[in-house]
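Below are some notes for a colleague who is opening this model for the first time. They are meant to be read beside the structure.

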Amino acid sequence: MSLEFEKPILELEGKIAELRHVTSDNRVNIASEITRMQAKADKLLVQTYGKLTPAQKVQVARHQERPHFLDYINYIIEDFTPLAGDRNFAEDHALIGGLGRFKGEPCVIIGHEKGHDTESRVYHNFGMARPEGYRKSQRLMKMAQQFQLPVITLVDTAGAYPGVGAEERGQSEAIAKSIETCLRTEVPIISVIIGEGGSGGAIAIAVADRIYMLEHSIYSVISPEGCASILWRNGAHAEEAATALKLTAQDLHRLGIIDDIIDEPIGGAHRRKEETMENVSRQIEKALNELIPWDRSSLIQNRRSKFIAQGRNL
Amino acid sequence: MNWLTNLIRPRIRSLVEPKDVPDNLWQKCAGCEGMLFHRDLLENMNVCYHCGHHLRISVKDRLEMMFDNGAYDKIDLPDVPHDPLKFKDRRKYADRIKDSRAKTGLKDAITIAKGTMGGIPVVIAAFNFSFMGGSMGAAVGEAILKAAEEAVKSRAALITVPASGGARMQEGMLSLVQMPRSIIAVEMVKDAGLPYVVLLTDPTTGGVSASFAMVGDIHIAEPGSMIGFAGRRVIEETVRETLPDDFQTAEYLLEHGIVDMVVKRQELKDTITNVLSMLMKKPQPEKKAKNGNGNGKKSGKGGNPKTNGKAPPASGEKASIDMEKDVQAARALGQVKAAQKAARRISKPPQKSAAKKASNS
Ligand SMILES: [Zn+2]
């Protein structure tokens with residue numbers, strides 16, 4: 001997948017790759033040409049990513065090559081032990097959770113997984129969870145409280161799944177109760193929006209003590225496409241809707257919805273996955289160090305106060 | 001996920017239509033197409049006296065119907081920052097708000113009031129669907145917090161009456177965070193040991209249904225109300241199958257174990273008062289005469305196919321079903337009921353045919 005606005009950069013990078021394969025007597029000239037072009041590509045990348053429009057950020061946030069939940073599990077969590085099912089109806093592959101060690105310390109980690117190819121995307125239902133996913137997350141949060149383990153949630157979903165079965169089994173109730181559980185869980189909760197934070201299905205697991213967004217991730221009450229088709233009566237206005245919704249990390253930090261922004265490498269998370277995950281890991285570690293000494297009741301009180309204060313002083 | 005989905009639009013139309021009918025005239029029931037004289041309809045709490053179809057009711061009428069002697073104290077809505085996103089689609093959000101205020105005479109999509117029901121102190125937060133589809137933004141969230149504080153302060157029960165398409169998109173994330181904020185309000189009431197009752201009315205969808213509206217101690221729904229998370233059209237587009245006739249109705253939710261009961265409007269006050277008196281260990285409320293609701297003199301007339309003899313037994317019926325073994329049986333039962341309902345309903349008219357017939361007559 002290539003993004004339209006990245007094309008000039010990708011073309012340059014393609015040429016550089018070609019040059020590297022050229023066998024020529026004039027190696028010195030080629031080497032300097034490569035250096036020159038690489039510098040140009042880098043500059044272009046910095047320029048482009050320095051002023052991404054909200055609509056472009058939507059594309060970056062949804063980029064298939066972006067590190068997904070399971071990439072983080074592999075990279076920053078040791079001994080991950082997935083725990084399946086809501087103990088009631090089913091296992092939901094769109095919302096994964098389990099036990100693991102973060103920097104050596106046990107924790108509960110929960111997040112949406114979108115999948116990385118056709119097969120896995122179907123398996124994970126494109127990261128769109130059903131009620132069972134939100135009930136599993138409640139179960140795991142309660143377990144975290146029982147054993148005093150901090151909770152890390154990684155958010156990456158277009159939204160909760162809109163289907164007959166999901167409605168039948170109480171999608172609304174599952175999301176509402178998941179939010180309530182977040183509010184009641186007496187252990188530190190850290191949430192990171194790693195890609196797409198799609199409305200109710202996202203906030204269901206993102207009511208936390210610390211909420212972070214990756215630099216080019218998005219978090220929104222509705223998708224720009226959905227918003228455009230309702231308010232503009234025309235999905236073609238999605239770009240305007242993306243701007244109007246103030247869904248970027250930078251806007252939401254200004255509005256006090258999130259606590260901080262986690263830097264992405266130049267050119268976006270999809271260019272250097274490990275560096276991205278390293279940045280996320282560092283931020284989570286910092287937050288946990290701050291929050292772990294807190295006593296249970298002040299955690300809950302502060303979490304409530306934080307949300308009560310949201311939007312009051314704008 | 002489209003919270004204010006296309007399904008809302010025809011509903012807004014159906015809300016507006018009756019208003020075009022002068023007070024002394026009649027309107028057509030959307031349930032049975034029977035003629036309804038306006039004055040009789042009002043006396044019957046906006047419930048069709050032919051078929052029992054529940055038409056929308058204004059918040060003012062709702063509050064008068066709920067509170068003892070129709071008396072209550074309105075609580076001022078707290079001020080919130082005005083249009084912090086400076087949102088503009090085809091029109092400015094600021095202008096839309098101004099228009100809605102002028103049209104409805106209300107400050108925002110919610111009204112909060114306190115009073116008593118059967119002598120029990122209650123705070124009610126009721127949505128005004130006619131104000132931007134009852135959408136929940138900061139003003140609504142703040143009002144629910146205020147209602148909860150008021151309930152805790154005066155040791156009152158909290159009752160919310162959602163009628164909403166969901167979150168108010170024009171406030172972006174500041175509307176989405178009203179989901180946790182409104183649930184925090186409920187938590188305050190629950191922490192104080194006070195009951196929280198949700199009276200789900202038509203429609204309750206999206207971010208409203210997925211927050212404070214689904215964490216009640218008691219969930220009561222009005223017959224025929226549309227209650228769900230995703231809009232019908234979004235689901236149809238996603239799953240590409242025809243949805244059951246009663247999909248996302250109050251009765252459907254009852255069958256699926258999501259609401260405690262479906263209660264006719266005429267019986268709401270008694271039902272809620274009775275439940276509250278037990279939860280709050282207050283004296284048993286005075287029993288009214290049988291079938292008595294004192295208000296709708298015609299409520300007994302014409303029968304009520306949607307809820308006739310069904311409301312209270314249905315929850316017991318559901319409880320008796322062995323969930324594990326008989327999920328299919330329950331589904332079949334639901335289907336039979338839906339079929340019966342469909343047959344009894346004089347072909348519930350889809351929007352188009354209703355319009356056609358209306359123009360023919
Ligand atoms: Zn009727």
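1. Burial in chain A. This is a predicted model. Of the 314 residues in chain A, 50% are buried. Among contacts between residues at least 6 apart in sequence in this chain, 71% join residues at least 24 apart.

2. Overall form of chain A. The chain holds 14 helices and 8 strands. Its radius of gyration is 21 Å, close to the 20 Å that the globule rule gives for 314 residues, so chain A is as compact as a globular protein of that length. The C-alpha trace spans about 70 × 50 × 45 Å along its principal axes.

3. Domains of chain A. The domain assignment divides the chain into domain 1, residues 4-51, and domain 2, residues 57-309. Between the C-alpha centres of domain 1 and domain 2 of chain A there are 36 Å.

4. Helix α3 of chain A. How many of the 8 residues of this helix are buried? The count is 6 for residues 54-61, so α3(A) is largely enclosed by the rest of the structure. The buried residues are A:P54, A:Q56, A:K57, A:V58, A:V60 and A:A61. They pack against β5 (189-198), β7, α10 and α11 (238-244) of chain A.

5. The contact between the chains. On the chain A side 45 residues are in contact with 44 residues of chain B. Elements of chain A that each supply at least two residues to this side include α7 (164-168), α8 (171-184), β7 (218-220) and α14 (296-309). The largest share comes from α8(A), with 9 residues. By class, the side of chain A that touches chain B has 25 nonpolar, 13 polar and 7 charged residues.

6. A:E264. This residue sits in the loop between β8 (260-262) and α13 (273-291) of chain A. Is A:E264 buried or exposed? It counts as buried because it has 23 C-beta neighbours inside 10 Å, where 20 or more are needed. Leaving aside residues up to four places away in sequence, A:E264 touches A:L214, A:E215, A:H216, A:A269 and A:T276. The C-alpha atom of A:E264 is 7.6 Å from that of A:N279, a residue 15 residues apart along the chain.

7. The sheet in chain B. Strands of a sheet pair through backbone hydrogen bonds, either parallel or antiparallel. Chain B has an open sheet of 7 strands with mixed pairing, in the order β3-β4-β5-β6-β7-β9-β11. At its edges stand β3 (73-75) and β11 (261-262) of chain B, each with a single partner strand, so one side of each has no neighbour in the sheet. Strand β9 (residues 218-221) of chain B runs parallel to β11(B) and is joined to it by 2 bridges. In β11(B), B:M261 is the bridge partner of B:I220.

8. In soluble globular proteins, nonpolar side chains tend to be buried together. Here the largest nonpolar core has 158 residues, and those with the most contacts inside it are A:V192, B:I124, B:A147, B:A157 and B:L158. Helix α5 (residues 138-153) of chain B gives the largest share of this core, 9 residues. Apart from this core lies another, of 12 residues, among them B:A30, B:L36, B:Y49 and B:L55.

Notes
Residues numbered from 1 in each chain as written. Chains lettered and ligands numbered in written order. Predicted model: local features only at pLDDT ≥ 70, side-chain atom pairs only at ≥ 80, totals over all residues. Contact = placed C-beta atoms within 7 Å. Helix = DSSP H or I, 4+ residues; strand = E, 2+ residues; numbered from the N terminus. Nonpolar A, V, L, I, M, F, W, Y, C, P; charged D, E, K, R; others polar. Pairing = 2+ DSSP bridges. Domains from an automatic or database assignment. Rg over C-alpha atoms; globule rule 2.2 N^0.38 Å. Core = buried A, V, L, I, M, F, W, Y, C linked by C-beta atoms within 7 Å.
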